[in-house]
Amino acid sequence: MVTPSLIMVVLLAAVTPDASAFSNLFSDGFTHPKITQQAILHKTAEVLSSLAQNQGKVFSLAPKDAENLTPGEVLCEFYGEKVSASAYERAILTIVFSNVAVDTWGIFSSQRHFDDETFSQGRALIVNGALSVKNKIKAENMISAQLTLGTILHTLQDFYSHSNWVELGYKSPNHFLIQQSEPLSNLAGEKDATCNDCDTGTCMDNILQDILTQRKVTSGYFSLSPFSTKPRGKCSHGGTFDFTSRSSPKGGINKDSETSNHGHLHKDAGDLAVAASVELLEDIRNAVGDDLFLRFLNLQSPSALSFVIDTTGSMSNDIEGAKNRAFSIIDSKRGTPDEPSTYILVPFNDPDFGPVLKTSDPEMFKQKISALTASGGGDIPEMCLSGLQLALISTPPSSNIYVFTDAPPKDSYLRSTVLALMESTKSSVSFLLTGGLSRRRRGLQDQAQRSARMSASELTIYEDLALSSGGHAIRTTKSLLVNASVIIEDSSTSALVTVFQDRSDPARTQQSFNFPVDSSLRNLTIYISGGATAFHIISPHGTTQDSSVAQGLLGRVEHIGNLWAVYLEQEPGQWEFNISSTQSYTIKVTGQSVISFLYDFVTPFGGAHPGYTTIEGRPLAGNNGTMLVTVTGMGASRSLSVMGVTLRGLSGTTVTNGSVTPMGELGQYLVFLSEVPGGQFSILVKGLLNGSQVYQRQSSTMLTASDIVVRTDLNISLEPGKDYIIPFSMETNGTGGTFSISVRDDKRFVINFTESVTAGSNGTARGTFALSVPATVASGTDLTITVEAQSTSNSDFNYAVLRLAIDKKVDDFVPPACQVTHVSENCSFPCGLEEWSLQAEIRDNRSAVVRVFTHLGNGTLNTTQESGGASGNVTLVSYSASCCAPEVEILAVDSVGNVGVCSHSIRSVPSSTSAPSAAPLCSIVSLLLCCLLGLPSPL
């Protein structure tokens, strides 16, 4: 999945009770996946509740209740049953899998788990990581932000299992762990003994009474080395794999599971880990705003409108057609659940391509596409794949991308890079080609016109890429392009699913295709692209219609260029489609449904914490394999089951059935495969809806297995103005040899790389690539790198995709400070028509205040900027509200992403006009919450 799955680890196998963190299984008890998902669902419900209130909607789901629902059920409460939760669930899984990955690449890092009393170092990871997440979200690099959030959530959650915070009696999270404006205090000293011996599996009272009485915070020491030591008198983490627990004081204090040394406090630690995760999500939400936060979690329509357009001289009509179709989509879907949240535009010609326009503003997209002009051209081929590469990197995963051109690619050497990005992002690419029939191109100088034709071989690369990604290669005339582009409008929906797709068998002129239709499907459409000449449809009840009937009992038929589109009437049951043709073609059946599935290939690993890691690139050919499959749509019905998961080759040539094992009740399954087939294949999932009705879904993207494995360093952070040497390795699964290497990125920061490596049979070869990051790069910038290995015969190919973010070092962790200067109220209770008001000053001596807003309170907020002299600029705040809204919470965000909150309530204030004493603007996650909730103050 990255997509993100390329760099995430899922620990799904049994983990021993003495693992070094909360379990990484979707299982009973508190686990990292469960804690993370509950926190996200909780925060989602809070944000949707606020959004509903602003829109005048009713949203009655309590955040705490949302923790025990599926993502689909939470979305159903707000959007209804017609909105797919697939993209939302993918965002959650990305965060979850990145979280549990820390227990592989970070297993020896004590600060990643708050082991060894590394509190300052652990907090620095969380605080710096949170600022990085905020910068990435503001730069709209959502995948990188999700990955970073997962890693810091792991560290934050481990604090409550690995420290004695719970044993000290605290009932609320340690708020200072997610902000660094105050030093951590009351930590156990380096020479303070903290534990007694405990020789039993359960250690109820091994923490020294002095530590508990003085409320000193400590954590257990942990090591996998049999030669390890720990400071005298210190607690251990505990468990079989922790060798420090074998020396005095023996035993441990971890609460990772109910069978851990302090397992009697496992639930308390889990509850606090959820609350702390919710708190961190709230801090991020406040820093970026609700709109970006919703998009970060794929809650605001995850669909994207992504166009890659040739702008050479012969493309005037095509550009106009693309513009008209874009305008139609924008205008018809505005305000609906299918309104795109992201618009991508990438122009290309020769030698130029880009820049990428990425915006959430449809009017900006309209303006930019209207400004495109057709000019130049020179020789015929253009930089099409370079533009497509940029679009694949910029467009959200699992999107549809549309390429408009009338010329073959000049940069066909990027074919493997484009394939890697299509497979890793699971995106579909369709080509609208007006050069396959005839076209005219214009030279730069003499304006002479000449006719040209894309040859069959030149068309092949587009057809192959479309087939691999589950898209279409549509050949039409320029005059009919607008009609052909209706496919874009058909697929511009967040709930689009593929029911069935295949390619014709070249040895057969007559073929029959069968597929089931379930009652959740709507807007069912069959697309046939290529050389199909005639077809015959049979409905579940035996009604028939052939291709010569434009409007019949079974639906409407349209034929444009080499594309047939059949819009079927809704009828659940088994459909049959018979096609006659002597030429090759592809068939694809799509519809709209909330029932879909997500998938990732995983591979097992051993050691102290055995499990499964997601595969970088393509799975190994000829070996057994394992997949994690998540069925979405539980919001519509929890009565969804999976009957089978199949790897299906093109033309039905290869079929591998998997053995399916449920992983709890949230629609997750482990699928074991006896052999991963060679060649291209897709994933077919069949199951039952409501216990009796068959549903079927198929992956759009075709996958290919490989005998090569490419691995990279996954935990890399980059800074502007620095150079990096990054290692990679390539392994062979069988025959060795010499392999060519390509390393490419979207910013041209890669300056050199190892161009070839040699590995023996079942051997490993290593190489490096060098990056130079300019000093002017903005913090939060995303860098996508593909590392590709190809056999000298070009018969085998694999890759790894890295999504890296560039972050400047930050030394400002102090939120803005506030002083309430005046409060005026004359309210009676119960309230009447009176109003109250306040004035305040907000200052930040390090970073500018960029946003001031309210969460609590529905009054009127006004701000003005004023010079504060040596102390920096001052934001003057005035707020007024009805006495029926007696409380307000004003939040301020500085340019770094530090968030502060200023609260006031008139409930207990006597009726008067007063000038309150100055008070600092606390972080939203600090002492204010403790005071409001009557909880013990943090460290």
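Pro71, Gly72, Glu73, Val74, Leu75, Cys76 and Phe78 are the buried residues of helix 3 in this predicted model. Helix 3 spans residues 71-79 and is mostly covered, with seven of its nine residues buried.

**Helix 3**
- The cover over the buried residues of helix 3 includes helix 1 (32-55), helix 2 (63-66) and helix 4 (86-105).

**Helix 10**
- Helix 10 (residues 316-333) consists of 18 residues, and its span of 26 Å from first C-alpha to last is close to the 26 Å expected at 1.5 Å a residue.
- Buried positions in helix 10 include the charged residues Asp318, Lys323, Arg325 and Lys333, as well as Ile319, Ala322, Ile329 and Ile330.
- Among the elements covering these buried residues are strand 2 (304-310), strand 3 (342-348), strand 5 (400-405) and helix 11 (362-370).
- Helix 15 (481-484) and helix 16 (486-491) also belong to the cover of helix 10.
- Glycine 335 follows helix 10 and has a positive phi, near 80 degrees.

**Helix 6 with helix 8**
- Helix 6 (residues 142-162) packs with helix 8 (residues 266-288) at an angle of about 145 degrees, and their axes lie 8 Å apart.
- The crossing of helix 6 past helix 8 is right-handed.
- From helix 6, the contact involves residues including Leu149, Ile152, Leu153 and Leu156; from helix 8, those taking part include Ala269, Leu272, Ala273 and Ala276.
- The residues of this contact comprise 12 nonpolar, three polar and no charged.

Notes: Residues are numbered from 1 along each chain as its sequence is written. This is a predicted model: local features need pLDDT of at least 70, side-chain atom pairs count only at pLDDT 80 or more; totals for chains, interfaces and linings use all residues. Side-chain values use heavy atoms; hydrogens and water are left out. Axes are lines fitted to C-alpha atoms, for helices over the stretch in contact, and angles run from 0 to 180 degrees between N-to-C directions. Helices (H or I, at least four residues) and strands (E, at least two) are DSSP runs, numbered from the N terminus. A crossing is left-handed if the near helix is turned anticlockwise from the far one by less than a right angle, and right-handed if clockwise. Contact means heavy atoms within 4.5 Å. The expected span of a helix is 1.5 Å times one less than its number of residues. Buried means under 20% relative accessible area, exposed over 50%, partly exposed in between (1.4 Å probe, protein chains only).
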